[in-house]
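Hi everyone, thanks for coming. Let's look at one structure together, starting at the surface and then moving to the strands.

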Amino acid sequence: EKERHFKSSVRKKTLDPVWREVFARELRQPKKDDKTEGTWSPPTLRCICEDVDKVGSADFMGCVDIALTPLLEKRETLAGWYALGPDPDGKSSSNVSGEIHVSVQWRFDPELDFDPWCDEEGGDKPPNELRIALAKGRDLSVKDKPVLWGEGTSDPRVSFSLSVLGNDKADTPLKPWHSKPKKKTLNPTWNETYTHALPPPEEGEPGWVLTATCEDIDGMSSADFMGKVDIELQSLLKEPKRRSRSWHKLGAVDGKSSNVTGELDVIVQWRYNPALDFDPWLDEEKDPKHADKDPNELRIALVQGRSLAVKDKAVLYGAGSSDPRVRFKVTGTKDLHCTSKCIKKSLDPSWRETFSLPLTKDYAK
């Protein structure tokens, strides 16, 4: 894990400050296979106290290192007064005194244990479904500046879109969609999954690119650009279980804000879903006994829909949704019609229903 930095708020005009602030960062213990004897030790938490002025850089007031080894051994909280000491590198002022009271805990957070589909087997059949999971973001850029003091924050949301490799203007089968916004955080946790009934392009056709764009969402103004990343999907077919999980670094785009930092934790998988392999009547053979008979039945199979229109707008945040159903009617008749069931809150509904209507060639009578 690379170093993580976070700062408290500033306390004005006091030598006995009270903060009562809580910070949480993801920090994992390496797996047993990664612990080479003699080369690994738990990280250290360094606390640096500074005097902050509007004009000029902060003045060093002391620091203390807190070893995290006891947190692994006893799984207890470390809490107490720690005496501030001089700069270990000897580069800052030696005018140091006082103590700070700190409480530190290394715990298990179930929200961070989000790893969907990791135990599923890939299967041998060609994939027919694209699954995407947005887990976390870290060290994102500040878009909401502090009014007086502080570090500022953002309200990040991630939008996803699909494009054709090498041709951004080409049509694709999916409309863009986005995550829920997270309020006032630069290290958001979403743990959201998205599933689309979509096979990979045919052999010889250009592949697809998944674009994730992070934005700061404000209720009163347009979204502020926080960075984007492109994820090429064709290479997933060569991965174990056709699945990939990575921290993707956000990048800048010409014409948009250059204030871009941080990464997104995204999981992508192609997989075969047997529920999508719906093809009724495929195994039925023509009955030669009735080859000379006129048809007297119309059969309809409603499989699924995708990228349907939003009819139920979101109240505050979100993209809205719909509750679609499909009605069929044979024109020129009065009674030959049928209606599917209603699928709640979906723009990519799956019905898999079959209907039969008595229909002969003299239906008009």
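Let's begin with charge: Glu50, Asp51, Asp53 and Asp59 come together on the surface as a patch of negative charge. Patches take residues with over 30% relative accessible area and no salt bridge, and like charges are joined within 9 Å. A salt bridge here is a side-chain nitrogen of Lys or Arg within 4 Å of a carboxyl oxygen of Asp or Glu.

Before going on: this is a predicted model, where local features need pLDDT of at least 70, side-chain atom pairs count only at pLDDT 80 or more, and totals for chains, interfaces and linings use all residues. Residues are numbered from 1 along each chain as its sequence is written, and side-chain values use heavy atoms, with hydrogens and water left out.

Asp59 sits in strand 2, residues 59-67. Strands are DSSP runs of E, at least two residues, numbered from the N terminus.

Now strand 12, residues 263-271: 9 of its 9 residues are buried. Leu264, Val266, Val268 and Trp270 are buried on one side, and Glu263, Asp265, Ile267, Gln269 and Arg271 on the other.

Who are its neighbours? Strand 5 (residues 129-138) runs antiparallel to strand 12, joined by 9 bridges; two strands pair if DSSP finds at least two bridges between them. Lys136 has Asp265 as its bridge partner. Strand 11 (residues 243-249) is also antiparallel to strand 12, with 7 bridges, and Lys249 stands opposite Glu263.

Note on methods. Patches are made of residues with over 30% relative accessible area and no salt bridge: like charges are joined within 9 Å, nonpolar side chains (Val, Leu, Ile, Met, Phe, Trp, Tyr) within 5 Å. Accessible areas come from the Shrake-Rupley method with a 1.4 Å probe; for residues, only the protein chains shown count as cover. Lys and Arg count as positive and Asp and Glu as negative; His and the chain ends are not counted. The place of a charge is taken as NZ of Lys, CZ of Arg, CG of Asp or CD of Glu. Helices (H or I, at least four residues) and strands (E, at least two) are DSSP runs, numbered from the N terminus. Buried means under 20% relative accessible area, exposed over 50%, partly exposed in between (1.4 Å probe, protein chains only).
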